[in-house]
Amino acid sequence: MTQGNTDAAQTGASAYERAGVSIDAGHRAVALMKGAVARTHTPAVLGGIGGFGGLFRAAFGQMADPVLVASTDGVGTKTKVAVRTGRYAGLGADIVNHCVNDILVQGARPLFFLDYVAMGKLWPERVAEVVTGAARACEALGVALLGGETAEMPGVYVEGELDIVGTIVGVVDHPELIDGSCIQPGDSVIALPSAGLHTNGYSLARLALDELDWQEARADLGGERLEDLLTVPHRAYLAAFEALTAADVDVRGMGHITGGGLVDNPPRVFPEGVGMRVDTSSWTVPPLFELIVRRAGVERREAFRALNMGVGFLFIVPAAQREEALAALRAAGESPWVIGEMIAGSGVTFTDGVTP
């Protein structure tokens, strides 16, 4: 027997544990999150936690032609902010709400969500914090957290770091699918605020802010601390959309302002020959974004592509229904504003010449 094997026998460690993977830690993580996940299960979910695959009954009520809409995404380098601050629960809400917003753009209501959490060395409490956060976000939106994967991969992920990915599946009745084809010049564009950076722009933010004291209450942030502002979870806009549909507002298009900002995201739903004019005087860019822009030394044009600049979601509605839409959103607890209008042309133009 070699010395290495003798040491392993003395410590009682399995070969897998010596390779850096703890099966017991994985079981503990599941046990810690099990209750929170179970609370998201609706009658459509068949079976419990632990199966090889999640089971969801595909019953869509009165829909004439149900279409499934799916999306997968991650939270980017916001994970590094979580590691620095020790705040992990928000990452779960981040990935759920981000994915829900993505399929909402096409008018889809979410059905179920699956998560993937990976680390170099598995910390059950951290995994449980992330997944419990995701489960709470799912529960708030009526989404089933149907399953997921917890992976421990030493040598792939740096110890202490983590990665998070989510997949959402939703449904929309084909006649109600929103694809932007009805958008026309003259339509109004209504914006809803973001809660901060959401899940994009963190590489730029960390470049700009890394050397600052994140626990300091800063005057240029209205007395707020960076560790609080940078960990605010991504917002979900499902309730806002439902308020508009309940008010019979004709929502002709939507935009989720993520990577690519106000420059690249809205045109993804524009029909040929139609563009958007954004009035940059219609809102005040939050101080956090101004601090990042100033310290990173980025041009305004780049900032509007890398960051959401305080704009989380857009609704495109007929001008004749603009006031009705604003009233419905305010009644739902939102703070909407008219950010611009649709025009003949292409892409997005800004009133202050931010982009060409």
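## Starting at Thr 79

Thr 79 touches Leu 91, Leu 162 and Ile 164, leaving aside residues up to four places away in sequence. Thr 79 sits in helix H4, which covers residues 78–85. Is Thr 79 buried or exposed? With a relative accessibility of 6%, Thr 79 counts as buried, because buried means under 20%. Keep in mind as you read on that this is a predicted model.

## The overall picture

Zooming out, the protein has 13 helices and 12 strands. It runs to 356 residues, and buried residues make up 47% of them.

How much of the contact comes from residues 24 or more positions apart? Among contacts with a separation of 6 or more, such residues account for 84%.

## Met 119 and what it touches

Leu 162, one of the residues touched by Thr 79, also turns up on the list for Met 119. Met 119 lies in strand E4, and at 2% relative accessibility it counts as buried.

Again not counting residues up to four places away in sequence, Met 119 touches Arg 126, Val 127, Ala 151, Glu 152, Met 153, Tyr 157, Glu 161 and Leu 162. Take Tyr 157 from that list: Met 119 and Tyr 157 are 38 residues apart in sequence, but their C-alpha atoms are 5.8 Å apart in space.

## Helices H5 and H6

Now for some helix packing. Two packed helices are described by the angle between their axes and the distance between the axes. For H5 (residues 89–104) and H6 (residues 124–141), the axes come within 6 Å and cross at roughly 40°. That angle makes H5 oblique to H6. The crossing of this pair is right-handed.

On the H5 side, the contact is made by Ala 89, Gly 92, Ala 93, Val 96, Asn 97 and Val 100. H6 brings Glu 129, Val 130, Gly 133, Ala 134, Ala 137, Cys 138 and Leu 141. Sorted by class, the contact of H5 with H6 has nine nonpolar, three polar and one charged residues.

## Helices H7 and H11

How do H7 and H11 cross? The axes of H7 (residues 202–209) and H11 come within 8 Å and cross at roughly 65°. H7 is therefore roughly perpendicular to H11. H7 passes H11 in a left-handed crossing.

Leu 204, Ala 205, Ala 208 and Leu 209 make the contact from H7, while H11 puts in Leu 288, Leu 291, Ile 292, Arg 295 and Ala 296. By class, the contact of H7 with H11 splits into eight nonpolar residues, no polar ones and one charged.

## Aromatic pairs

The structure holds six aromatic pairs. One of these pairs is Phe 56 with Phe 112, which is tilted, with 5.1 Å centre to centre and 45° between the planes. This pair links distant parts of the chain: Phe 56 is in strand E2 (residues 55–56) and Phe 112 in strand E4 (residues 109–119), 56 residues apart. Phe 56 is partly exposed at a relative accessible area of 21%, whereas Phe 112 is buried at 15%.

The rings of Trp 283 and Phe 304 have centres 6.3 Å apart and planes at 75°, so the pair is edge-to-face. Trp 283 lies in the loop between strand E9 (274–278) and helix H11 (287–296), and Phe 304 in helix H12 (residues 300–306), so the pair ties together parts that are 21 residues apart in sequence. Both Trp 283 and Phe 304 are buried. Which residues do ring pairs link into a cluster? They are Trp 283, Phe 304, Trp 337 and Phe 350.

## Two loop residues with positive phi

Which residue other than glycine has a phi near 60°? That residue is His 198, found in the loop between strand E7 (188–193) and H7. His 198 counts as buried at 1% relative accessibility.

Met 309 is not a glycine either, and it has a positive phi of about 55°. Its place is the loop between H12 and strand E10 (311–317). Met 309 is buried, with a relative accessible area of 0%.

Terms used:
Residues are numbered from 1 along each chain as its sequence is written. This is a predicted model: local features need pLDDT of at least 70, side-chain atom pairs count only at pLDDT 80 or more; totals for chains, interfaces and linings use all residues. Side-chain values use heavy atoms; hydrogens and water are left out. Axes are lines fitted to C-alpha atoms, for helices over the stretch in contact, and angles run from 0 to 180 degrees between N-to-C directions. Helices (H or I, at least four residues) and strands (E, at least two) are DSSP runs, numbered from the N terminus. Angles under 35 degrees count as roughly parallel, over 145 as roughly antiparallel, 65 to 115 as roughly perpendicular and the rest as oblique. A crossing is left-handed if the near helix is turned anticlockwise from the far one by less than a right angle, and right-handed if clockwise. Contact means heavy atoms within 4.5 Å. Ala, Val, Leu, Ile, Met, Phe, Trp, Tyr, Cys and Pro count as nonpolar, Asp, Glu, Lys and Arg as charged, and the others, Gly among them, as polar. Rings of Phe, Tyr and Trp (its six-membered ring) pair if their centres lie within 6.5 Å; planes under 30 degrees apart count as stacked, over 60 as edge-to-face and the rest as tilted. Buried means under 20% relative accessible area, exposed over 50%, partly exposed in between (1.4 Å probe, protein chains only).
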